[in-house]
Amino acid sequence: MADPTALKTPLFDWHQANGGRMVDFAGWSMPVQYTSIVEEHQAVRRGVGLFDVSHMGRLAFDGAKALDWINLVATNDAAKLEAGRIQYSLLANDLGGLIDDILVYRLAKGYYVVCNASNRERVVAQFQEHREGFKAALSDRTADTAMIAVQGPSAAATVQAISSVTFDGLKYYHATEAKLLDGVAALVSRTGYTGEDGFELIVPAADAAKVWIGLMDAGAPFGVVPCGLGARDTLRFEAAMPLYGHELTDTTSPFAAGVGWAVKLDKGDFVGAEALRQQAQSPGSTRVGLKLEGKRIARQGSSVTSDDRSLGLVTSGTFAPTLQASLAMALIDPEFAAPGKKVVVDVRGKPEPAEVVPLPFYKRPRPQSQT
Amino acid sequence: MDPKKLRYSPTHEWVDVEGGTAVVGLSKFAVDQLTDLLTIELPKVGDRLTAGKSFGEVESVKSVNDLYAPVSGEVVEVNQALADDVQILSEDPYAKGWLVKIKVDDPADAEKLMDHTAYETKIASDDH
């Protein structure tokens, strides 16, 4: 039964009225699917899908020392960001494990951080703990805004249809302010979590339903469907994008998880730098892709072995709708990380043969001219 | 199979007893809840099923779900076509999508399960 204390996004009523199967996720009541995970997944690969991602944490940073504050707490170098650009970054703990993965937006004035719903309170606490008298303010904008992801090859045409400004020049990991419909102020970014072209729109909570319905109408010629957390997971999985709680955890090294590129050891001191410097030399394990011979799914925690030698654990697994195969990501002994290596995955007590395959599993056929 | 004439377990298996043999399946409601079915694991002919205990599993993209025996008995036939192609279950849960046939220990056991009206009432209240 649903948790009565679960938070509701401004689109909750729309989801309920339109067949969304609501589940409790990270303290929020969210749609896991409307019709079928596979149908929603395919709509995003072929046309366009809408996702309510309002549960994600949205934190605004203002003040003269906002950059210094972010650069002390996050691992990537936010000083490199020009206005209108976005950067993938990480929050590490003192031991070099991960508190969260985030996106840092540099706006015309100030910064914006988008973090995972499940970690929002920990992220805010980590920033507050390392405040160090910086002249800067953090305000949590999660409740008074909504966030909608528009993803798929027809995402650009869909968003364009409800805006008077053109997004043709908006490149991947760039953001711009725009007016939608009859003047709704939005922060529009070319970002997403599906492996397709796409946008994420941050709008005032009060306008969320209007924008969502506007996008459903605008996307109708392209077969738009609303998508739940289920398809969001299978889409990000095929694109091998890490998910906190799976590929990334309190005790996982970013170098093992394949996100070491977002750790800038030479940028000056930051939280976790010392531990991360040591990890960079010998991460211990490596994130790999696995393709199972059968259809059964190797879910998180399944052990990976070779000749009874323990190699590591599966972090995520699903039946990939686009690739039509049971695939998994695992953190394993680097000695077995080369594509083609044969391993065995224990799927609920039964050994299933698998082969190491390159990541990502899926790459969109013709990347558009974005950088 | 007419769904109105079947008996149902609280875990959504249906059973149709005729003489000493029962056909066991999974309700359309359960199949619709699962969606995106991938595989099904069924027991072998000769296996013993115990009412309320797991006798197999059905896996969807979203989750793995146990199948529970609605009545006790011995497996006399397994739907091999279904084991080979689980989509049959989505398409036709009350006929071609049957799971197993069992020789029941006591045909009266099925009488203890819900009839169609009681089952419909149950799923309507669970759905909220």
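In the predicted model, strands E1, E3 and E2 of chain A form, in that order, an open sheet of three strands with mixed pairing (two strands pair if DSSP finds at least two bridges between them; strands, E, of at least two residues and helices, H or I, of at least four are DSSP runs numbered from the N terminus). Strands E1 (7-8) and E2 (21-25) of chain A each have a single partner strand and stand at the edges, so one side of each has no neighbour in the sheet. E2(A) runs antiparallel to strand E3 (residues 28-33) of chain A, and five bridges join them. Arg21(A) has Gln33(A) as its bridge partner in E3(A).

Helices H3 (residues 66-73) and H4 (residues 120-129) of chain A pack at an angle of about 110°, with their axes 10 Å apart (axes are lines fitted to C-alpha atoms, for helices over the stretch in contact, and angles run from 0 to 180 degrees between N-to-C directions). H3(A) and H4(A) are therefore roughly perpendicular, a term for angles of 65 to 115 degrees. The contact (heavy atoms within 4.5 Å) involves Trp69(A), Ile70(A) and Val73(A) of H3(A) and Gln126(A), Phe127(A) and Gln128(A) of H4(A).

The mean pLDDT (the predictor's confidence in each residue, from 0 to 100) of chain B is 94, and 98% of its residues reach 70 or more.

Residues are numbered from 1 along each chain as its sequence is written, and chains are lettered from A and ligands numbered from 1 in the order in which they are written. In this predicted model, local features need pLDDT of at least 70, side-chain atom pairs count only at pLDDT 80 or more, and totals for chains, interfaces and linings use all residues, while side-chain values use heavy atoms, leaving out hydrogens and water.

Notes. Parallel < 35°, antiparallel > 145°, perpendicular 65-115°, else oblique.
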